[in-house]
Amino acid sequence: MKNDQKIYIIGAGISGLIAAYELERAGFSPIILEASDRVGGRVRTDEFKGFLLDRGFQVLLTAYPEAQRYLDFQALNLKYFDPGAIILQPGNSFIIDDPLRHPSKLINMAFSPVGTLMDKIKIYQLTQMLKQKTEEEIFSEPSTTTLQFLKDFGFSEKIINNFFLPFFKGIFLENELSTSSRMFKFVFKMFSLGHAAVPENGMQAIPDELKSKLTKSQFRFNAPVKKVEGRKIHLVTGEDLEADAIIIATRPDKILTQLQGQFKPSRKVVNLYFSLSHSFIAQPKIALVTDDQFLTNNLVFMTDVSKAYSKNNKALLSVSITKPVEVDDKLAKLIAIELSALTKIKAEYFEHLQTYEIEEALPQVEDMGYSLPSGNTKIQDGVFLAGDYLLNGSINAAMTAGRKAAEAVILSLQPTY
Ligand SMILES: Cc1cc2nc3c(=O)[nH]c(=O)nc-3n(C[C@H](O)[C@H](O)[C@H](O)COP(=O)(O)OP(=O)(O)OC[C@H]3O[C@@H](n4cnc5c(N)ncnc54)[C@H](O)[C@@H]3O)c2cc1C
C-alpha cells in the first residue's frame with residue numbers, strides 16, 4: 001500500500017534527504033526531483049586541479065543535535081578546527097585561545113589586545129547560562145540583534161570589534177550582527193559544547209552519506225520543477241506529475257505562486273580559493289581580519305584542517321568576503337594584494353584557483369525558531385514545506401525541517417477508518 005503512494009520531494013539538499021530518510025523509515029519510497037546534477041544543495045564540494053573546493057566556507061558543528069542523530073561522524077572521518085582564532089593584522093597578528101569553549105584558558109586576557117578581564121568573566125557566565133538552557137528555550141527567548149545582545153550583556157567594545165564582529169560576520173554572512181540574538185546564543189552554545197569540523201573529503205561527504213542511507217528512494221537529477229498546482233508538479237521540461245503528497249524542500253516562492261514576493265533576499269558571500277606552496281597559518285584555525293579597510297573577513301587553510309583537500313602537496317587557502325563586492329576579473333588580484341599586506345608574502349605567490357559568488361547562501365528568517373510542529377509544514381492540501389528557511393540558516397535546521405515535513409506527510413497518508 002505504502003509503495004503505491006506517490007510522494008515527491010522537490011530538492012535533494014540536506015532537508016530533502018532527511019525527509020526521504022524519514023519517509024523510507026515509515027515504509028514509503030519517495031521520488032526526489034533535483035534541479036542540479038547531485039545531492040547536497042548548498043553543501044557542495046567541487047574537485048578542481050587536484051583540490052577539493054567547498055562551495056563557500058562552511059563547517060559542521062559536532063554539537064548539532066540533529067547532526068548527531070543523522071550522521072555517522074566516524075564514517076565522515078571528521079577533521080576538527082582548533083577552537084579560537086587568529087587575528088590577522090598587518091605586522092601585528094595574534095592568537096585568541098579558545099574564548100568560546102574554554103574561557104578559563106584566557107589567562108592573559110586582561111593584557112590581551114582582544115578584550116578585558118571582565119570580558120573573560122562574561123564569556124564564562126554566558127557559556128554557563130546557555131549550557132543550562134535547551135535549544136528550544138534559547139529560541140523561545142525574546143529576540144534582539146546579536147550586536148545589541150552583546151552590548152547589553154556587558155561585553156566591551158574591544159572584544160566585540162576584535163572577536164565577535166569578525167567571527168560572527170563569517171557565520172551570519174552579514175556585517176552589522178543584525179542577526180537574531182537567538183541564533184547567536186544557539187551557535188555560541190554549539191561552539192562551546194563541541195567542535196567545528198569538516199569531513200576529511202570535503203563537506204559534500206555529508207549529503208553523500210545521507211544519500212547512501214537511502215535504499216528505496218528514487219532520484220531524478222537535472223529535473224527542475226517549474227510550478228506546483230494542487231497536487232500536480234509541472235517540470236521545466238513540460239512533463240507533469242500527479243502526487244499523493246509533495247514536500248517542497250527548497251525556498252518555495254518560485255514554485256508556489258501564492259508565496260511569490262514573500263521572502264526576503266538571502267544573504268550572500270563571496271569565497272575565493274588560492275593555492276600556495278605552504279600555509280602561513282600552519283594550524284587548523286580560522287583567521288579573522290578585523291581591520292575594516294580590507295575586503296577579506298576571514299580565511300582558513302583547508303589543508304591545515306584536512307590534508308585530503310589537496311592531492312598535490314600544495315596548501316589550499318579559502319578566503320571569505322561578506323562585504324558587498326563586485327566579482328570581476330580584478331577581485332582575485334585585489335585579494336592577493338590584501339593577503340600580501342597582511343602577511344608580507346608576495347602577492348604573486350597566491351595562485352588563484354576559483355571564485356564562488358554565492359547569491360543565496362543563508363535565508364533571512366524573520367522569526368527564527370529551533371523547531372516547529374509538523375502540522376505547520378503543511379501549506380495546502382497534500383503539499384508540505386521543508387528547508388532551513390523555515391527555522392534558521394543551518395544544517396541543523398535543514399535536518400529538523402526535513403523530518404517535520406516527513407512526519408506531516410506520514411500522518412496525512414495514514415488510512416482513516
Ligand atoms: C557559504 C555557506 C556557508 C554556510 N555555512 C554554514 C555553516 O558553517 N554551518 C551550518 O550549519 N550551515 C551553514 N550554511 C547553511 C547550510 O548549508 C544550509 O542551511 C543547508 O544546507 C540548507 O539545506 P536545505 O536542504 O534547506 O536547502 P538547499 O541546500 O538549498 O537545498 C535545496 C535543493 O533544492 C534544489 N532545488 C531548488 N529549486 C528547485 C526546483 N525548482 N526544482 C528542483 N530542485 C530544486 C536545489 O538545487 C538544492 O539541491 C552555509 C551555507 C552556505 C551557502
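Which residue in E9 stands opposite leucine 60?

Modeller: Alanine 197 does. First, the ground rules. Residues are numbered from 1 along each chain as its sequence is written, and side-chain values use heavy atoms, with hydrogens and water left out. The model is predicted: local features need pLDDT of at least 70, side-chain atom pairs count only at pLDDT 80 or more, and totals for chains, interfaces and linings use all residues.

Now the pairing. Helices (H or I, at least four residues) and strands (E, at least two) are DSSP runs, numbered from the N terminus. Two strands pair if DSSP finds at least two bridges between them. E5 meets strand E9 (residues 196-199) through 2 bridges, in the antiparallel sense. The two belong to an open sheet of 3 strands, ordered E5-E9-E6, with antiparallel pairing. Strand E5 (60-61) and strand E6 (78-80) stand at the edges with a single partner strand each, so one side of each lacks a neighbour in the sheet.

Strand E3 (residues 45-48) runs antiparallel to E4, and 4 bridges join them. Aspartate 46 is the residue opposite leucine 53 in E4. This is a hairpin with 2 residues between the strands, and lysine 49 takes a positive phi near 50° in it.

Strand E4 (residues 51-54) has two faces. In a regular strand the side chains alternate between the two faces of the sheet. Phe51 and Leu53 point one way from E4, Leu52 and Asp54 point the other way, and all are buried. Buried means under 20% relative accessible area, exposed means over 50%, and partly exposed lies in between (1.4 Å probe, protein chains only).

Side chains of opposite charge can pair when their charged atoms come close. A salt bridge here is a side-chain nitrogen of Lys or Arg within 4 Å of a carboxyl oxygen of Asp or Glu. A search of the whole structure finds 25 of them. Salt bridges link Asp37, Arg38, Arg44, Asp46 and Arg55 into a network. Among its members, arginine 38 and aspartate 37 meet at 3.8 Å, N to O. Arginine 38 is partly exposed at 22% relative accessibility. Aspartate 37 is partly exposed too, at 46%.

Glutamate 66 is buried, with a relative accessible area of 4%, whereas arginine 69 is partly exposed at 49%.

Now a salt bridge across the sequence. Lysine 169 pairs with aspartate 292, with the closest N and O atoms 3.9 Å apart. Lysine 169 lies in helix H7 (residues 157-172) and aspartate 292 in the loop between strand E16 (286-289) and strand E17 (298-301), so the pair ties together parts that are 123 residues apart in sequence. Lysine 169 is buried at 11% relative accessibility. Aspartate 292 is exposed at 55%.

Back to backbone angles. Most residues other than glycine have a negative phi, and most peptide bonds are trans. Alanine 282 has a positive phi, near 55°. Alanine 282 sits in the loop between strand E15 (267-276) and E16, and is exposed, with a relative accessible area of 60%. Lysine 344 has a positive phi near 70°. Its loop runs between helix H11 (331-343) and strand E19 (351-362). Lysine 344 is exposed at 71% relative accessible area.

Last, the rings. Rings of Phe, Tyr and Trp (its six-membered ring) pair if their centres lie within 6.5 Å; planes under 30 degrees apart count as stacked, over 60 as edge-to-face and the rest as tilted. By this rule the count comes to 25 aromatic pairs. One of them, phenylalanine 219 with phenylalanine 221, is stacked at 5.4 Å centre to centre, with 5° between the planes. Phenylalanine 221 is partly exposed at 28% relative accessibility. Ring pairs also build a cluster, with members including Phe149, Phe163, Phe167, Phe168 and Phe191.
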